[in-house]
Amino acid sequence: MKIAITSDEHLGKTLYRLEEDSLNKFEKKLYDVWKENIDIIIAEKPDLYISCGDVFDTPNPKIIPIFKYKEQMVRLRDADIQSLIIMGNHDFAFKNKQNDTSAVKMVIQDSGLKVEKYAEYHLDYYIKDNYLRSEEHTSELQ
């Protein structure tokens with residue numbers, strides 16, 4: 001079995017103030033490298049592609065990183081490559097969990113991607129004093 005693995009793309013991350021093609025120069029480089037990675041994966045024709053998380057730099061990215069991610073994932077779909085998507089800490093936020101949403105999940109559902117499995121954080125959470133807290137903080141309630 002041939003497997004392709006990527007992680008920590010951090011699409012949408014900006015550094016410095018330099019611009020190219022109306023994008024932050026660092027951000028544009030990330031999109032170019034992401035596309036190159038998908039080019040290689042498609043050329044290698046793996047049985048499975050695994051994304052190990054941190055696709056986006058923030059849990060609530062702007063539209064351009066979402067579009068750039070979707071664009072390449074659709075290419076994987078069209079190449080008939082199955083995917084396993086694991087969300088990283090930059091792809092997850094308690095507020096998103098509460099609203100049952102995330103940018104990664106949205107792209108998967110919207111694109112008809114061949115995602116074999118989709119893994120997200122399983123956290124038990126509750127609201128106390130108007131703050132969303134994880135189960136690990138339950139000792140405060142006792």
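This is a predicted model: local features need pLDDT of at least 70, side-chain atom pairs count only at pLDDT 80 or more; totals for chains, interfaces and linings use all residues.
1. The axes of helix 1 (residues 25–44) and helix 2 (residues 63–78) cross at roughly 10° and come within 10 Å. Angles under 35 degrees count as roughly parallel, and the two helices are therefore roughly parallel to each other.

2. Which residues make the contact? Helix 1 brings Glu 27, Tyr 31, Trp 34, Lys 35, Ile 38, Asp 39, Ile 41 and Ile 42. From helix 2 come Ile 64, Pro 65, Lys 68, Tyr 69, Gln 72, Met 73, Arg 75 and Leu 76. Sorted by class, this contact of helix 1 with helix 2 has 10 nonpolar, five charged and one polar residues.

3. Now have a look at strand 4 (residues 48–51), which is covered on both faces. Leu 48 and Ile 50 are buried on one side, while Tyr 49 and Ser 51 are buried on the other. As background, side chains in a regular strand alternate between the two faces of the sheet.

4. Where are the pairing partners of strand 4? Strand 1 (residues 3–6) runs parallel to strand 4 and is joined to it by four bridges; here Ala 4 stands opposite Tyr 49. Strand 5 (residues 82–86) also pairs with strand 4 in the parallel sense, over four bridges, and Ile 85 of strand 5 is the bridge partner of Ser 51.

Conventions. Residues are numbered from 1 along each chain as its sequence is written. Side-chain values use heavy atoms; hydrogens and water are left out. Axes are lines fitted to C-alpha atoms, for helices over the stretch in contact, and angles run from 0 to 180 degrees between N-to-C directions. Angles under 35 degrees count as roughly parallel, over 145 as roughly antiparallel, 65 to 115 as roughly perpendicular and the rest as oblique. Contact means heavy atoms within 4.5 Å. Ala, Val, Leu, Ile, Met, Phe, Trp, Tyr, Cys and Pro count as nonpolar, Asp, Glu, Lys and Arg as charged, and the others, Gly among them, as polar. Buried means under 20% relative accessible area, exposed over 50%, partly exposed in between (1.4 Å probe, protein chains only). Two strands pair if DSSP finds at least two bridges between them.
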